[in-house]
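Reader: I'm new to this one. Could you take me for a close look at the place where the two chains meet?

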Amino acid sequence: MTQTYADGKFGEYGGQYVPEALMPAIEELTDAYERYVLENEDGFMDDFRARLRDFGGRPTPTQYAERLSDRYGTDVYLKREDLVHGGAHKLNNALGQVLLAKYMGKERIVAETGAGQHGTATAMAAAHLDMPCEIYMGETDINRQRPNVFRMRLNGSEVNPVTTGRGTLKEAISETMRDWATNVEDTHYVIGSVVGPHPFPAMVRDFQAVISEEAREQLREKTGGLPDSVLACAGGGSNTMGAFAHFVDDAEPRSADGSSGGEPRDDAGVDLYAVEAGGSSLSVDEEAGVAPNSASLSTGGEGVLHGARTKILQDADGQIMESHSVSAGLDYAGVGPELAQLVDDGRVNAVNVDDDGALEAFHRLSQLEGIIPALESAHAFGYLENNYEDLGDVVLVNVSGRGDKDLETVIEETEKRDIEAAPSLSEFSGGF
Amino acid sequence: MGDANETAANGTAANPELAEAFADGPAFVPYLAAGDPDYESSLKYVEALERGGADVIELGLPFSEPIAEGPTIQSAVVRALEGGMTPERFFEFVEDLDVDVPLVCMTYYNLIYQFGSEPGPRPFVERAAEVGLSGFVVPDLPAEEADPLREACDEFGLDLVFIVAPTTRGERLERIMSQVSGYVYVQARLGVTGAQDDVSGQTEASLDRLADYDVPKAVGFGIKTGEHAERIVAGGADGIIVGSALVDIVAEGAEAGESADTVASRLESKARELKGGALRGYEQRVPQAERT
């Protein structure tokens, strides 16, 4: 498992770059994180794990994907986070943070959401734990993720539209920080990924680490060893860090040909691939301040955004660029600071798949395995399709969530393209 | 140039201009976003503030993610960015201004960090010193992360103003007050910037906590009228910082398509109202007869 990083720094990354009004709350949260999460004070972690099991439906299975394995001639295993209650890994973190807020005596929850999965998970956790909850969501995202907006409201949360900028996750995070700065004394901000000021990146990783903790054990039971490679899509990076956390220390390199060199897999390294959204292009329109991708690990530069120093999409002056992905959940101009450091260290490979590749993979997985993946997760399968020969004999792919929320987007975007595996969706266009 | 270590230790200004602005009665410190809504109008607006009685002017260098700002200033930032404001253009703006009062740059850390050919705050501070800026306010840079900027400010003789929030107490307050120079920005209430219809009761408690520190205390967040200014200065503030109430005038002018001269004259008169209020408050607290 990765380190605790008590000073909140991952090399040069991380830190706490927030308005002064928030600093006492961040100190209070750091103290609560250390006591409840790291030291299990008052049995917090026992309570969390029991709720993850009974409310969240954990453990999720690690499934052998027969038809994908046949297709690639390699053993493909799927960590089924789409089977967590609510349909995505997001509940692991949301439940952990709302419970922590409860232990801290906070009276109100705010959160931001991009694709709506984190908002949905937070709304469910808040209802489960009887906490009032308000969620900020960009207007653009509200329009492309209506089912999740409805689910949040059903669970009793307020959904506040954010109209600034392009109306996506970046703006929603800024707006939630403003609410937090106003109501900091009784409110906890449930950040949705391994981003933001310390302790959020470490704490969210710890709540998500259950993914790799289970997968490691389950793969050992099924194969007797570890995977050669782990693939996870990366927006902010919470499912990525969750899927990687318990494999980060397995760093012994494999031989150059991609095999484990005849040694037992236990003794070989586990290669880690963070698959980012390549969007429509990796190039950048500096003039318009737009990056038509969300690949901050692959193409971003070091900077300070939303409370942390990390890799971000920015122009030459340091203004934050508007990002793009067909997947709302990956559409963010930054990434977790720990992931940035792991990429700099060479421990994690930052790769990317464009919108077309993700949509093709979405249809492929739906048809071959009977699993409709989130468009986020589809990026990881897009990478597998084109690079399976380099990934070793046993590949673990994290299915971060299910794709029900993306159906309207998929109908619209599929119609614009010629995708071999896609069924005709024309009868559904114009409303679903 | 002031002595860096002495600056941090006793809270006096590295650059004497800022301390002097607070020396003779209450300082009126207005804020405008540079380049809002366009470069030429904005020059006139800032100059109008000086005519209206500004003692120090906080000039915003627009950043795309102003997380400490409310809707008024956020909109100003968007207008200025759309008008083509950039860090280098901002420095040219400062050079083009015809004002005699000290200018403080208010911006976010990423712009400071990215400026110039080497990463880190030094090139930005060097350029700021070149154009004659007196200091910085950086809302997303807490004292814990401020060492590199503090060092650069000390090297070039600029002040680093920190914000103290109603939630800042104990060791954090000590840490901030040991690093601040020029003046301390006392945040009157929790939340983000924005004009209010009443003055927060949190102000008095904040000023009380700061009473023993020998550095000018300027109160900001929510001050909208001369009457607000009067009450805050009467309550112990050494100065008032006003942003949103002035930015509102710029926004209304831009929306109505008014001439820059008309808007500038309205800003000047609003400035005069605020400065007048501050002077009345000072008179209540320290009557003329008792001044040394």
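Author: Let's start with a term: a salt bridge is a side-chain nitrogen of Lys or Arg within 4 Å of a carboxyl oxygen of Asp or Glu. R172(B) forms one with E20(A), and their closest N and O atoms sit 2.6 Å apart. Between chain A and chain B the count is four salt bridges.

A quick word on the ground rules. This is a predicted model, where local features need pLDDT of at least 70 and side-chain atom pairs count only at pLDDT 80 or more, while totals for chains, interfaces and linings use all residues. Residues are numbered from 1 along each chain as its sequence is written, chains are lettered from A and ligands numbered from 1 in the order in which they are written, and side-chain values use heavy atoms, with hydrogens and water left out.

Now the whole contact (heavy atoms within 4.5 Å): chain A brings 34 residues and chain B brings 35 residues. Together they bury about 2800 Å², 51% of it on carbon and sulfur atoms; that's the accessible area (1.4 Å probe) the two parts lose on being put together, summed over both. On the chain A side, E20(A), R178(A) and Q319(A) lose the most area to chain B, together 24% of what that side buries.

Which elements of chain A give two or more residues to the side that touches chain B? They're α1 (23–38), α8 (169–182), β11 (301–305) and β12 (308–312), with helices (H or I, at least four residues) and strands (E, at least two) being DSSP runs numbered from the N terminus. The largest share, seven residues, comes from α8(A).
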